[in-house]
Amino acid sequence: QECPEYRDLLEKYDCGINCPPEDASAVAAALEKLLQDSALRTQMGHNSRMMAQQRFDRKYTYPQIIAEIESFVR
């Protein structure tokens, strides 16, 4: 969870809670926060789905990649 790209995605999409490695109390606090806030869980779930589609679903990402390549070729 120290990977900057991973942390940036969580922050950009507000789709999770990052905890320092090997910090059990931080994980427990994050779980408690999620257990107590159903609206937050719902919103983060929605945001996670949006991130997955925008960043990792080939149906969406391949046309964007092709468009970028084509813009360089022109």
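**View 1. Thr-61 and its contacts in the predicted model.** Leaving aside residues up to four places away in sequence, Thr-61 touches Gln-54, Arg-55 and Phe-56. The structure shown is a predicted model, and within it Thr-61 has its place in helix 4. With a relative accessibility of 11%, Thr-61 counts as buried, because the cut-off for that class is under 20% relative accessible area.

**View 2. The packing of helix 3 against helix 4.** Helix 3, which covers residues 38-56, and helix 4, which covers residues 58-73, pack with their axes 6 Å apart and at an angle of about 40°. That angle makes helix 3 oblique to helix 4. On the side of helix 3 the contact is made by Gln-53, Gln-54, Arg-55 and Phe-56, while helix 4 contributes Arg-58, Tyr-60, Thr-61 and Gln-64.

**View 3. Asp-14 in the loop between helix 1 and helix 2.** Asp-14 lies in the loop that runs between helix 1 (4-13) and helix 2 (24-36). Although Asp-14 is not a glycine, it has a positive phi of about 50°. Its relative accessibility of 40% places Asp-14 among residues that count as partly exposed, since that class lies between the cut-offs of 20% and 50%.

**View 4. Glu-22 in the loop between helix 1 and helix 2.** Glu-22 is likewise found in the loop between helix 1 and helix 2. Here too the backbone has a positive phi, of about 60° for Glu-22, although this residue is not a glycine. The relative accessible area of Glu-22 is 85%, and the residue is therefore exposed.

**View 5. The whole protein chain, as a setting for the close-ups.** The secondary structure of the protein chain comes to 4 helices and 0 strands, and the elements run α-α-α-α from the N terminus on. The radius of gyration of the protein chain is 16 Å, well over the 11 Å that the globule rule gives for 74 residues, so the chain is more spread out than a compact globule. Taken along the principal axes, the C-alpha atoms fill a box of roughly 55 × 25 × 15 Å. Buried residues make up 15% of the 74 residues, and the chain exposes about 6,000 Å², of which carbon and sulfur atoms supply 55%. Among contacts between residues at least 6 apart in sequence, 40% join residues at least 24 apart.

Notes
Residues are numbered from 1 along each chain as its sequence is written. This is a predicted model: local features need pLDDT of at least 70, side-chain atom pairs count only at pLDDT 80 or more; totals for chains, interfaces and linings use all residues. Side-chain values use heavy atoms; hydrogens and water are left out. Axes are lines fitted to C-alpha atoms, for helices over the stretch in contact, and angles run from 0 to 180 degrees between N-to-C directions. Helices (H or I, at least four residues) and strands (E, at least two) are DSSP runs, numbered from the N terminus. Angles under 35 degrees count as roughly parallel, over 145 as roughly antiparallel, 65 to 115 as roughly perpendicular and the rest as oblique. Contact means heavy atoms within 4.5 Å. The radius of gyration is taken over C-alpha atoms; the globule rule is 2.2 Å times the number of residues to the power 0.38. Buried means under 20% relative accessible area, exposed over 50%, partly exposed in between (1.4 Å probe, protein chains only). Accessible areas come from the Shrake-Rupley method with a 1.4 Å probe; for residues, only the protein chains shown count as cover.
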